[in-house]
Amino acid sequence: YIPQKYSREGNFLFMFLNFLCLSFVIIAKFFDILVSDLNVFGNIANSEVIISVFLTKPLTNCLVFLGYNAHYYGQTIVYDDLTTGVTQRVHITKSCSGLHSVYIFICAYSSFILTEFRKIKPPLFYAFLIGIFVSYFANFLRMLIIILVGHYYGIEALLWTHENIGWLIF
């Protein structure tokens with residue numbers, strides 16, 4: 001039971017939870033099945049290609065642009081660890097890609113718009129696109145900081161930052 005004065009919040013929560021379940025369970029599974037059935041990228045899984053194109057390659061290019069020695073292949077970034085003098089590898093998986101955070105943003109924003117507005121106007125749509133871009137950029141910045149921590153302070157610091165600080169940035 002939700003009191004009448006909290007009906008908007010209740011409606012938002014109901015829509016958000018339904019969208020969240022729909023996006024994580026149904027849409028994500030449908031997308032994986034569709035892509036694997038189409039065999040778009042040969043033997044390579046679609047998420048590997050997406051991570052390589054949208055994360056590892058641009059992240060490596062950014063590191064090189066900033067003057068760091070970094071290389072990538074597939075979902076793996078190779079960088080220099082200054083504490084040991086050895087090159088280290090970071091493998092970026094689907095759970096580290098920030099895709100789930102974008103799902104959550106889309107679900108929350110859609111629920112808010114449908115709860116508060118009767119009609120979707122262009123400024124709301126533009127804010128939606130900006131929100132997706134900001135989510136991507138925040139995750140990109142999070143990953144860049146995590147790798148730089150690994151570069152300067154070692155793999156243990158990288159893992160600690162990934163586990164404890166990374167979510168704050170995003």
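Helix α3 (residues 99–116) and helix α4 pack at an angle of about 160°, and their axes lie 10 Å apart. The model is predicted. Because angles over 145 degrees count as roughly antiparallel, α3 and α4 are roughly antiparallel to each other. The crossing of α3 past α4 is right-handed. On the α3 side, the contact is made by Val102, Phe105, Ile106, Tyr109, Ser110 and Ile113. On the α4 side, Leu124, Ala127, Phe128, Gly131, Ile132 and Ser135 take part. By class, nine residues of the contact of α3 with α4 are nonpolar and three are polar.

Helix α4 spans residues 122–153, and helix α5 spans residues 155–164. Their axes come within 7 Å and cross at roughly 155°. With the limit for roughly antiparallel set at angles over 145 degrees, α4 and α5 are therefore roughly antiparallel to each other. Here, too, the crossing is right-handed, with α4 passing α5. From α4, the contact draws on Arg142, Ile146, Ile147, Val149, Gly150 and Tyr153. From α5, the residues are Ile155, Ala157, Leu158, Thr161 and His162. The contact of α4 with α5 holds seven nonpolar residues, three polar residues and one charged residue.

The strands come next. Three strands form an open sheet in the order β1-β2-β3, with antiparallel pairing. Strands β1 and β3 (86–91) are the edges, each pairing on one side only. From one strand to the next, the twist averages 25°.

Strand β1 covers residues 70–73, and strand β2 covers residues 76–81. The two pair in the antiparallel sense over four bridges. Within this pairing, alanine 70 stands opposite tyrosine 79 in β2. Tyrosine 73 stands opposite threonine 76 in β2. The hairpin of β1 and β2 has two residues between the strands. In this hairpin, glycine 74 takes a positive phi near 65°.

The pairing of β2 with β3 is antiparallel as well, and runs over six bridges. Tyrosine 79 has glutamine 88 as its bridge partner in β3. Four residues lie between the strands in the hairpin of β2 and β3. There, glycine 85 takes a positive phi near 75°.

The cysteines complete the description. A disulfide is a covalent bond between the sulfur atoms of two cysteines. A search of the whole structure finds zero disulfides. The cut-off for such a pair is sulfur atoms within 2.5 Å. For cysteine 21, the closest cysteine sulfur is in cysteine 107, at 8.9 Å, which is too far for a bond. For cysteine 107, the closest cysteine sulfur is in turn that of cysteine 21, and the 8.9 Å between them is too far for a bond.

Technical notes
Residues are numbered from 1 along each chain as its sequence is written. This is a predicted model: local features need pLDDT of at least 70, side-chain atom pairs count only at pLDDT 80 or more; totals for chains, interfaces and linings use all residues. Side-chain values use heavy atoms; hydrogens and water are left out. Axes are lines fitted to C-alpha atoms, for helices over the stretch in contact, and angles run from 0 to 180 degrees between N-to-C directions. Angles under 35 degrees count as roughly parallel, over 145 as roughly antiparallel, 65 to 115 as roughly perpendicular and the rest as oblique. A crossing is left-handed if the near helix is turned anticlockwise from the far one by less than a right angle, and right-handed if clockwise. Contact means heavy atoms within 4.5 Å. Ala, Val, Leu, Ile, Met, Phe, Trp, Tyr, Cys and Pro count as nonpolar, Asp, Glu, Lys and Arg as charged, and the others, Gly among them, as polar. Two strands pair if DSSP finds at least two bridges between them.
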